[in-house]
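Please look over the sequence and the model before reading the points below.

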Amino acid sequence: MSLIVFAGAAQFVGAGMFGMGVGGWEIVLTTFVLNFRHFLMTSSLSRRLPDNTTKSQSALAAFGVTDETFAVASMSRDEKLAPSYLYGLNFTAYTAWAAGTVAGVMAGSILGDTLKQSLTFGLYALFIGLLVPEMKRAKPAVTAALCSMAVSGALYFQPFFKMGSGWMIVSATVVGSFIAAVLHGDENE
Amino acid sequence: MSKLNIIILMALVTYIPRMLPMVFLKNMRLAPWLNRFLRFIPYASLGALIFPGALFSVNPPAAAAGGIIVSAVMGLMGRSLIAVFASGVAAVYILLLII
């Protein structure tokens, strides 16, 4: 599963659902919802590919787009992102993911619970480390990030209905980015 | 449905939505506001990934909150990604030991 479904969260959820004996279509649908956010991410990334990128180069680069690789690539200061750069980034993440799975299994028994827990936070520390400097640099980044946090926070804490984390991220991203696009209309970045 | 079939379908529903925009949106001309919308998606999606997920990544959330503050301050100070990562994880580790 690690080799062809390159998406961390979906793998864990999928593995868990296999364990619980959940029906196949439900697992497939959950995977789809969980990973639909990458539709927005590649929509954004596609605009920054050089004009001469072929369709097959784009299709290959798309395989490795995850939250993490997208965060790193989209925060790159270069206006255009060469396909070779994306291959390199995605390949590094892919091998690290595979190696990390093996290392994780071996280290899992050595590391204490407290240390394991704090390392879970590491991914978010990386996201914060990528986002905060951008918010310092560009006003639309502040608007987009704060609005989407407000929306996802509101969706998470509201008591009226249950919502999967996949749809939460998708709707918060759309709203946050839309508000920033409306408010920061006449600024050239 | 066999497990292999399920995994293959999972791979398809993961890959196809990623691939379509990458291939077909590349050279399309879009209205300026739509271009801005797409350009701001990275910030908005990182925002949504961080909050509230980060808060509940460790238990109790107070320890996570401390880590969020430390990482954000390190980021504001313009420290490297490694420094932000290390200090955030260290802060959470210490807070978990104390709390």
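How many residues apart in helix α7 of chain A are D113(A) and K116(A), and about how many helical turns separate them? D113(A) and K116(A) are three residues apart in that helix, so about one helical turn separates them.

The model is a predicted one, in which local features need pLDDT of at least 70 and side-chain atom pairs count only at pLDDT 80 or more, while totals for chains, interfaces and linings use all residues. Residues are numbered from 1 along each chain as its sequence is written, chains are lettered from A and ligands numbered from 1 in the order in which they are written, and side-chain values use heavy atoms, with hydrogens and water left out.

**Chain A as a whole**

- Chain A contains nine helices and zero strands, where helices (H or I, at least four residues) and strands (E, at least two) are DSSP runs numbered from the N terminus.
- Along the sequence, the pattern of chain A reads α-α-α-α-α-α-α-α-α.
- The C-alpha trace of chain A spans about 55 × 45 × 35 Å along its principal axes.
- Of the 189 residues in chain A, 45% are buried; buried means under 20% relative accessible area, exposed over 50%, and partly exposed in between (1.4 Å probe, protein chains only).
- Among contacts in chain A between residues at least 6 apart in sequence, 70% join residues at least 24 apart, a contact being heavy atoms within 4.5 Å.

**Salt bridges**

- Side chains of opposite charge can pair when their charged atoms come close.
- A search of the whole structure finds three salt bridges over all chains; the term denotes a side-chain nitrogen of Lys or Arg within 4 Å of a carboxyl oxygen of Asp or Glu.
- One of them joins D67(A) and R37(A), whose closest N and O atoms are 2.8 Å apart.
- Because D67(A) lies in helix α5 of chain A and R37(A) in helix α3 of chain A, this pair ties together parts that are 30 residues apart in sequence.
- D67(A) is buried at a relative accessible area of 9%, and R37(A) is buried at 8%.
- The pair from the opening question, D113(A) and K116(A), forms a salt bridge with an N to O distance of 3.7 Å.
- D113(A) is exposed, with 59% relative accessibility, whereas K116(A) is partly exposed, with 34%.
- E134(A) and R137(A) form a salt bridge with their closest N and O atoms 2.9 Å apart.
- Both E134(A) and R137(A) belong to helix α7 of chain A, where they lie three residues apart, about one turn of the helix.
- E134(A) is buried, with a relative accessible area of 3%, while R137(A) is partly exposed, with 48%.

**The interface between chain A and chain B**

- The size of an interface is often given as the accessible area lost when the parts come together.
- Between chain A and chain B, the buried area is about 6900 Å², and carbon and sulfur atoms give 76% of it; buried area is the accessible area (1.4 Å probe) that two parts lose on being put together, summed over both.
- In chain A, F18(A), R47(A) and F121(A) lose the most area to chain B, together 10% of what that side buries.
- In terms of contacts, 89 residues of chain A meet 65 residues of chain B.
- The number of salt bridges between chain A and chain B is zero.

**Helix α9 of chain A**

- α9(A) has 19 residues and reaches 27 Å from its first C-alpha to its last, close to the 27 Å expected at 1.5 Å a residue; the expected span is 1.5 Å times one less than the number of residues.
- The buried residues of α9(A) include G166(A), M168(A), I169(A) and V170(A).
- The elements that cover the buried residues of α9(A) include α2, α3 and α8 of chain A together with α2 (32-50) of chain B.

**Cis peptide bonds in chain B**

- Most residues other than glycine have a negative phi, and most peptide bonds are trans.
- The peptide bond from F51(B) to P52(B) is cis, with omega near 0 degrees, and P52(B) is found in the loop between α2 and α3 (61-76) of chain B.
- N59(B) and P60(B) are also joined by a cis peptide bond, with omega about 5 degrees.
- P60(B) is placed in the loop between α2 and α3 of chain B.
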